[in-house]
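Reader: I have a model open and would like to go through it with you. Could we begin with a single residue and then widen the view?

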Amino acid sequence: MDNEHKTDEQIVKQVLFGGIESFRIIVERYQKRIFGIGMRFFNNRDDSYDFTQEVFIRAFESLKSYAGRAPFRFWLTKIAYNHGINRLSAKRTESDVPEEIPSGESTPEARHLRGEIRKILLNAVNELPERYRICVDLYFFMELTHGEISEITGYPVNTIKSNVLRAKIILRNELKGTIAEEYDEL
Amino acid sequence: MNCNTIHKRFLEMDNRSRIPLSVRIHMLFCSRCRHDIALLNSMLETLKYDSPFVMDRDMSEKIMIEVFQSPVNYEHHISGLKWSVVGLIIVVSMFLIPFSNTFGWLRQYFGRGLELPVSIVLGLLLSIYSLAGIFSNLEELKKFFVNLPKKIH
Ligand SMILES: [Zn+2]
């Protein structure tokens, strides 16, 4: 089986047995999503890039503590979330930075349908209370369950459930319009 | 159950859970829901490997450089002590071979001419094992021999 098709957990084992180069696959699989978590916390690209790098280094250095009971995704998200909280509180004491509106419109990728769906979801999520947005991201992009998100963030499961549901409803209603027909033709 | 309830049930589903039976049964008979749910499902699928924010840089190279420079290393290493213990066990079992029943039986069958080739093969295997042990512990051995004169004095 080639590396691309291995599960995260199999790759982690490989890394722990000395195949450090395999960690690249983990980075390639998750960098966009970790960057996304960074954007939720910092609303700033440079900070999010630094954050992404720091999260992966932390994950690598504590890889031995991953017991393999929960999915690796969950473990990685936990590291990212905690690091985000710590980094944010350290940053807030430094200075209060004006918030930048996240943008994803300028690249050619965004012209594609996939970009469109993402934009719709981004808008849908932006209609939710700010502090729950990250929960919805974790649900859609990290594929975590309500319970796992609750464990990471400390928010009640029901709150997470209702926010995810709200995002899904907004998403569905938006999709009913323009995108749905286009998608049908594919 | 009407279509709206079914939709709501579907939307309430958690990640990594199965589509509820009631929804699946309804989908069997209602083509509209079948279509809508399949559409929504495929949309959600496309989101999985993504992020709401566009990342315009590939960080993997930069991260891997740091990973290789990290003080944490997961080299798979068998300690010198383990090599020696296993080596000792091998040597002891080699000495015990002539006393085993199987060897006695083989000797009966092939005569005394068997001992020499068996000894050569075992000796060869032991040498290979020792060499492998020494080469995989070169660093440790180097440290040991560098510190040896200090210990003697
Ligand atoms: Zn229906």
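Reader: Is A:R87 buried or exposed?

Author: In this predicted model, A:R87 is buried, because its relative accessible area is 17% and the cut-off for buried is under 20%.

Reader: Where in chain A is A:R87 placed?

Author: A:R87 belongs to helix α4 of chain A, which covers residues 72-94.

Reader: Which residues does A:R87 touch, leaving aside those up to four places away in sequence?

Author: A:R87 is in contact with A:F42, A:D47, A:D50, A:F51 and A:E54.

Reader: And what separates the C-alpha atoms of A:R87 and A:F41?

Author: The distance between those C-alpha atoms is 9.0 Å, while A:R87 and A:F41 are 46 residues apart along the chain.

Reader: Turning to chain A as a whole, how many helices and strands does it have?

Author: Chain A has nine helices and zero strands. Of its 186 residues, 54% count as buried.

Reader: What share of its contacts links residues 24 or more positions apart?

Author: Among contacts in chain A with a separation of 6 or more, 61% come from residues 24 or more positions apart.

Reader: Now chain B: into which domains is it divided?

Author: Chain B is divided into domain 1, residues 3-47, and domain 2, residues 80-152. Taken over C-alpha atoms, the centres of these two domains of chain B are separated by 65 Å.

Definitions and conventions. Residues numbered from 1 in each chain as written. Chains lettered and ligands numbered in written order. Predicted model: local features only at pLDDT ≥ 70, side-chain atom pairs only at ≥ 80, totals over all residues. Heavy atoms only, no water. Helix = DSSP H or I, 4+ residues; strand = E, 2+ residues; numbered from the N terminus. Buried < 20%, exposed > 50% of the residue type's maximum accessible area, 1.4 Å probe, protein only. Contact = heavy atoms within 4.5 Å. Domains from an automatic or database assignment.
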